[in-house]
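Here is a short report on a few local features. Have the sequence and the structure open as you read.

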Amino acid sequence: MKLEVVEKYDSIIQHSDLVSRDLSWLRFNERVLDQSKKSHRSVFEKLKFLAITASNLDEFFMIRVGSLYNYLDYDKERVDYSGLREEPFKAKLMNDSHIFHDAQHEHFTQTIMPELQEQGVVLCNTSKLTDKEQEKVQDYFLKAIYPMLTPMVYDGYRTFPILMNKLLVFGVVTTSPGDRQDMRKMSFVQIPANIPRFFEIEREDSLLLIPIEEVIRENIVSLFRNVEIEGISLFRITRNGDFTLEESEDMDANFLEEVKRKLMERKSGRVVKIEIEEGYSKWMMNSLLERWNLKMDSVFLIKRESLLDFTGLWQIVGNKKFRERLPHIPDPVKPLSYQDEGVADIFDVLKEKDILLHHPYNNIDSILDLIEKASEDPDVMAIKMTIYRLAKESRITKALLKAAENGKHVSVLFEVKARFDEENNIREAKKLQKAGCFVIYGISHLKTHTKLLLIVKRDGGEITRYVHLGSGNYNEDTARLYTDIGLMTTNETLANDVSEFFNVITGHSMPSQYQNLITAPRDMRNQLIEYIEKEAENARNGLPSGVFIKVNSLEDSEMIYALYRASQSGVTIKLIVRGICCIRPGRIGLSENIEVLSIVGDFLEHSRIYYFHNNGDTRTYAGSADMMVRSFDKRLEALFKVESPLLEKQLMNILAYNLKDNVNAYVMQEDGTYLAKHPVGDEPEFNVHREFFNLDADNVFQVKLVD
């Protein structure tokens, strides 16, 4: 894109009071890439973060760029927060995406590959191998790869093949001997996803990794006998994965089929991106661009010395040989409110006090043990829960199946619209349904994103309800990597709220007013804005005030303008937003009192905490909801109030520790860019992803957010 056009777009963008959601997302992925550049990290950690940026970028193009094409392809109007219309915004987005793409590959070739060689790991093609090693590769090709390859020709007699999303593909241009040049044909050879990305050869002092595409390239002539190969081009496409489920009047009959149909459409969705090696066939490229209705700004060029598709790097990161070269994560510690974890009976403890869990610093086993024990306990009458994402070999599913076998009432809302987990959730939900559980496959036009568990148990002559509310999924795999909050309680007020909420989502009921829950889509936005406006009123009256919020994303414009008004009234506002952030902090006359921090490091920040000072009568909530339009209008969400003094102080301390971090923190600037935060002078390093393993109750009780 021409420089003067870029400058024109940038001027419009900076004039807006809001930061573009999609441009902000690219800034987030830049922070992830920056983690791959940290000098203190081993090359295997750097590989991990580079692979994450690649997975992130794939999803970004499938969903966000895919969504943009839904407007472009159907001539629908859209004005981005940046102030740009559809075509100019696409031009800006592609320009910034190319800059990021180039930064990824420069980092890989200039830093990571040399560091890998220093560690005895060499990426190479077959020409670097000895004769004996080449024989080994050739044998592997003939026995394991060749039988799986299928050349698919496209000509006047055969339809254009459906090329799969995110697979490596060889495009081969051929002619028959004696044919005119205009008789060229295109053939495609997809590399199946179940073939390992690298063929490994161990030498005494090194490990050679031969990309599988190099093995196939060396032998591709065996698939095209007695024809002339004019060009071989390695490429990869990304398809639109953004779909919206339409409401159906007959949900029982149609809903699952609608989900399945949309999943099939995702496999053949419109192409939004082409990554291709340099030296490609221009004739083939022109044909592909015409067929897929794309321009050259959707084509991302890969140099031969680099690698197409960095998600393949997970094979190196996951290699057992390098396990010891990844950072050691300390073992989980006992929750401050549950020091007798693993010894005392969890049911007895919860009748006496609430327990706050902070993952991964505290183990998710407390929740899993609660569900597993409930499935076996003869006094447990019912288990109800919402499920958004599960581990592949989930202890949750097994426990619920056991509960159903033991004659307990089990109700589960399985959100089958959880993006990219749809098929796994449908499969797990059907297992439960066959076992006699009452299963709901989500709610038509709303995603059920809230995380709730309710266990009903006879205790002598009484009934006790055991409740868990959280910010994260009931997934024992991601609980080791995501920071999340969970509250376990028998508090009657919260138990009543949760029971009422389950009645709403599993039956036909209109909720009454909840006491300690704030729920979406009905109340959440208005309730949070009301709390913000109360802080603004207190500030105008000279009373102490403060808003401290930690979320994954901040995008809802009504919330943003409420925070702007509070800032202008003198309220101190500190926001910890890991990813997308559409607010502009520190703009004169608009948001001088707003600070935004992003934490990106060893763990993925996933917890959501909302703290309002309220002149000392604090309001502190945690839960599943970000400050996004989809969270407030298109999802079933819940935030739960934490009232126990110790537990509330713990949440306040999480906010305080995040604000203190100077290792993983990035400070958002008024123009939407970010600067890494570093220790100042003799200030020691403070890394939240380590400090929470050393938490002390005395320090927690002393925390203050507002003086």
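## Glu 685 and its contacts

Set aside the neighbours within four places in sequence, and Glu 685 is in contact with Asn 662, Val 663 and Pro 679. This comes from a predicted model. Take Val 663: 22 residues separate Val 663 from Glu 685 in sequence. In space, their C-alpha atoms are 6.4 Å apart.

Glu 685 sits in a loop. The loop runs between β27 (674–676) and α19 (688–691). Is Glu 685 buried or exposed? Glu 685 has a relative accessible area of 62%. The cut-off for exposed is over 50%, so Glu 685 counts as exposed.

## Helix α4

Helix α4 covers residues 86–118, which makes 33 residues. From the first C-alpha to the last, α4 reaches 47 Å. That is close to the 48 Å expected at 1.5 Å a residue.

Where does α4 bend? The bend is at Phe 108, and it is about 35 degrees. After α4 comes Gly 120. The phi of Gly 120 is positive, near 85 degrees.

## Cysteines

A disulfide is a covalent bond between the sulfur atoms of two cysteines. How many disulfides does the model have? The count comes to zero.

The closest cysteine sulfur to that of Cys 582 belongs to Cys 581, at 6.8 Å. A disulfide needs the two sulfur atoms within 2.5 Å, so this pair is too far apart for a bond.

Cys 582 has 0% relative accessibility and counts as buried. Cys 124 also counts as buried, at 10%. The cut-off for buried is under 20%.

Methods
Residues are numbered from 1 along each chain as its sequence is written. This is a predicted model: local features need pLDDT of at least 70, side-chain atom pairs count only at pLDDT 80 or more; totals for chains, interfaces and linings use all residues. Side-chain values use heavy atoms; hydrogens and water are left out. Helices (H or I, at least four residues) and strands (E, at least two) are DSSP runs, numbered from the N terminus. The expected span of a helix is 1.5 Å times one less than its number of residues. The bend at a residue is the angle between axes fitted to the seven residues ending there and the seven starting there. Buried means under 20% relative accessible area, exposed over 50%, partly exposed in between (1.4 Å probe, protein chains only). Contact means heavy atoms within 4.5 Å.
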